[in-house]
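Here is a quick walk through one protein model, from its surface to its charged pairs. Have a look at the sequence and the structure first.

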Amino acid sequence: MRRAKRGTSALLSLLLTGALVALACGNEEPAGDTDLAVEEAPALDVTGVSLGRSIGADKRVVEEVGSFAPTDTIYASVETEG
């Protein structure tokens, strides 16, 4: 008797999971015109990226390094405009 309940419970779980996946994967069209949001966003340009093992008080990389040891902490400083 116990074995039948486990099988039924597993089947119900499987069916519920399948139903939730089917609902989550529905093909809904996005509301509104999404192109407008992209055009109105302010421009932000990346002007430089520096990698190093430490940063200074101004939150910039102190000395740029090109190779790192597996135990090194790697800091990245990204300069932007806009």
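Which residues form a nonpolar patch on the surface? In this predicted model, the patch is made up of Val46, Val49, Leu51, Ile74 and Val78, and together these have about 440 Å² of accessible area. The biggest share comes from strand E1, residues 45-52, which gives the most to the patch with three residues.

Now zoom out for a moment. The protein has two helices and two strands, and the order of the elements from the N terminus is α-α-β-β. Of its 82 residues, 6% count as buried. The protein exposes about 7,500 Å², and carbon and sulfur atoms supply 56% of that. As for how the chain contacts itself, take the contacts between residues at least 6 apart in sequence: 39% of them join residues at least 24 apart.

On to the charges. Side chains of opposite charge can pair when their charged atoms come close.

| Salt bridge | N to O distance |
|---|---|
| Arg53 and Asp72 | 2.8 Å |
| Arg60 and Glu79 | 3.9 Å |

What does each pair link? Let's start with Arg53 and Asp72, whose side chains meet at 2.8 Å. Arg53 and Asp72 both lie in the loop between E1 and strand E2 (75-81), so this pair ties together parts that are 19 residues apart in sequence. Arg53 counts as partly exposed because its relative accessibility is 42%, and Asp72 counts as partly exposed at 25%.

Then there's Arg60 with Glu79, where the closest N and O atoms are 3.9 Å apart; a salt bridge here needs the nitrogen within 4 Å of the oxygen, so the pair qualifies. This pair links distant parts of the chain, with Arg60 in the loop between E1 and E2 and Glu79 in strand E2, 19 residues apart. Arg60 is partly exposed, with a relative accessible area of 45%, and Glu79 also counts as partly exposed, at 34% relative accessibility.

How values were computed. Residues numbered from 1 in each chain as written. Predicted model: local features only at pLDDT ≥ 70, side-chain atom pairs only at ≥ 80, totals over all residues. Heavy atoms only, no water. Patch = residues over 30% accessible without salt bridge, like charges linked within 9 Å, V, L, I, M, F, W, Y side chains within 5 Å. Areas by Shrake-Rupley, 256 points an atom, 1.4 Å probe, with all protein chains shown as cover. Helix = DSSP H or I, 4+ residues; strand = E, 2+ residues; numbered from the N terminus. Buried < 20%, exposed > 50% of the residue type's maximum accessible area, 1.4 Å probe, protein only. Contact = heavy atoms within 4.5 Å.
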